[in-house]
Amino acid sequence: MVRFAVAAVLLAGVQGLSYSPCPPYLDLSLSPKERAADLIQRMTWEEKVGQLGGIRRPLTRTDGKAIFNKTSFDTIRKTQNGQIGLGVQYNYAKDILPIINRLRAEQINGTRLGIPYVTMTDSINSMWVSGGSLFPGAVSMASSWNLDLYEQAIAAIRDENHALGVNWVLSPELDVAYDPRNGRNGEMFGEDTHLISEFGTRYVKTMQEKDENGFVKIATTVKHWVYGRSNGGVNRASMEGGINHIMNNLATPYINVIKEAKPLSLMVSYSTVDRVPMSINKYMIQNVLRDIIGFEGLIMSDANSIEYTLAESRVSKSREDAAQKALRAGLEHELSPGGNGLFTTLVEYVNDTDIANLIDKSVSALLEIKFATGVFDNPLPSAANLERTLRNERHLEINRNISRESIVLLKNDGILPLKRSNVSKIAVVGAYADMINSGMYAACNATDPAYGNSLRRSIARKLGDENVLYSPGVDALPSNDSSRIGAAVTAAQEAGLAVVVLGSGYGTFDVSEINNRRTDGEGFAHAELGFPGLQQQLLDAVLDTGVPTILIMSGGQTFVLNESTMKTNAILHSWLSGEFTGDALVEILFGDVNPSGKLTVTMPQANGAFPVAYDYLPSDDQGGFGTATLYDWQWPQVARYAPLRFGFGLTYTTFNISRPITSNTVPYGGNVTVDSTVTNKGKVGGKEVVQLYYRPEHSVIEFPVMKLIRFVKVGLAPGESKNVSLIVPHSELGYYVDGKWNVESGNYTFWIGSSSRTEDLHQFNVTISL
């Protein structure tokens, strides 16, 4: 297929310009910037404005079939034709590829200049649509602390997206999971800026790897600039400003990922920061993001966020006013899932020189991504390659491995691992035991076995259906129906061993799953941090039997574990599931796999006891009256320091991390090198995460009590030892003061160990000398 035959012929008809048979924008030897510069001068005003938006939902689903609404599509396409999405999540890739390819071909061969769509979707732990490998969620994979394995997982997700013709993903999220009430924490990597930076960098570099022809495989979008500390944990709520707060607490992952991986685009958040919505926040976009941080890629809105400046924040007077404010603030592309984009109104301002120049700049940014990703030059994806790529054996094996390492063991009184010879029956209790709770951005029907094995099904494969006594007990979503708790209690008593699965927030963006009973996910914050509905009552009833009980938590959030819950014999957090999470849990329960996951978010001790992230400021831990106020919160009496804290996770073996060897004095501008030996002193192989933290003795502005600066995961056979060497340039031991990076000499405290808990760390001091 000669994709540009029609476009090349039509080019000769543009008035006032002279063209060769192959215009420069089709010349592969030129850079994306040069090709974009040539193409934009050939475009009409209407064609330019059309590139500022796109068609996010070309396909719906009815009666199990992908449905294309041509009337709706054509209406949107007239004014918004820069990019195209894939529609709803439950459609299968193999079914939509022919339809999407037809739309792609029509745009290329049926328009004046043959400017193709760029295909853009979300992609956190799978393709946007069904039929691909379903990996665990972002918080889950980060809980592995295994960067190399995560990179393999992202490469698999990238290749499956690419086989469907996806050129651009709206990921990764570099937001800080700071508020446990936030329903979107499962989309994030965790509460620490260094850990987020490391995983975010791997995501961007892996997705944007170049193919054999030099094209970026898939462009990325870091998001949401800035987000994570919204008022009350509510999704679109306001946030505090303050440049030191923003640069040190929120922007650090963006700064690091932009520097190390160069993402091609960035999405602003819904948040109002210092009273100015991010979609029109010129200071945050231009002064901070462009000037201080140096981001050079395309900047886009979040879905409908420009409209919200009019409809919610009321800082715009009209659609036209909102569009102009967003454009002037620095937004260059609009996401409007419903097709009612506000940037379309800019077509009326053809005689406004400032707007015209800004639109040229915006369109050039989009065209450069199109040229960089090869959408002008690569053939359309084929069904044969899609079939070869989706769910191939290598991808499935990577998925199994990262699922095993993403599960965190939080308590074990010795009940685990279970011995198969001692287990005849198991009571599997809880509605979440029979679903795959993958998060809103995963293509997964939670109760459909086609998407993988639930824990119930996985245990049945291990023990046989007749030896698994399943009882949901209560609804997964909040209700007042306790009538089935008795059946769950009976099952536990009959089996003599109970595995109880409690969770929160299952469901996707499917309209049938968006309702007021949802308890987690985008748009679904939770003021109560316990188990939703009657799930705690169910667990308590099982515990009251005296039957040995293992608790497994499911969902993207942390939970408050009360005294009753802590009576369970073992506790695991499986986070957001992939298709093999159920199998991995069974392998861990029976000792076929040694758990190695670690918390990337601290577990709060009470509903009001937060923020609880490990890297709080020293002043955050002061009650006010010395020994008369020993606690940060007096009722219940809990301190900022929480026991189930960042970096913690148990295993079936015992690791020893030796006292570090390092120089006491390092010259200014030199490297702090920390050497330590990790030994597996147990009888089974396993993996340990060595973590290095630091803080300066004194600082210009208040510095956290400790900050993660390096980590590495080490696999060891029984009795084996390995040396770990962690190198930290002095230049990284700084912080931002009024937008400028500040690095000081003087004394620094370091800690090395297996978690941020005091009892798991060796402390030592290093002096940076002038």
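Select Ile 196 and the helix around it: the residue belongs to helix α8, which covers residues 193-207. Helices here are DSSP runs of H or I with at least four residues, strands are runs of E with at least two, and both are numbered from the N terminus. This is a predicted model, in which local features need pLDDT of at least 70, side-chain atom pairs count only at pLDDT 80 or more, and totals for chains, interfaces and linings use all residues. Residues are numbered from 1 along each chain as its sequence is written, and side-chain values use heavy atoms, with hydrogens and water left out.

Stay on Ile 196. Is it buried or exposed? Ile 196 is buried, with a relative accessible area of 0%; buried means under 20%, exposed over 50% and partly exposed in between, using a 1.4 Å probe and protein chains only.

Next, select Leu 174, Asp 175, Val 176, Phe 189, Gly 190 and Pro 253. These are the residues in contact with Ile 196 once neighbours within four places in sequence are set aside, where contact means heavy atoms within 4.5 Å.

Now select Asp 159. It is 37 residues from Ile 196 along the chain, and the two C-alpha atoms are 23 Å apart.

Finally, show the whole chain. It contains 20 helices and 29 strands. Its C-alpha trace spans about 85 × 70 × 50 Å along the principal axes. Of the 770 residues, 62% are buried. Among contacts between residues at least 6 apart in sequence, 77% link residues at least 24 apart.
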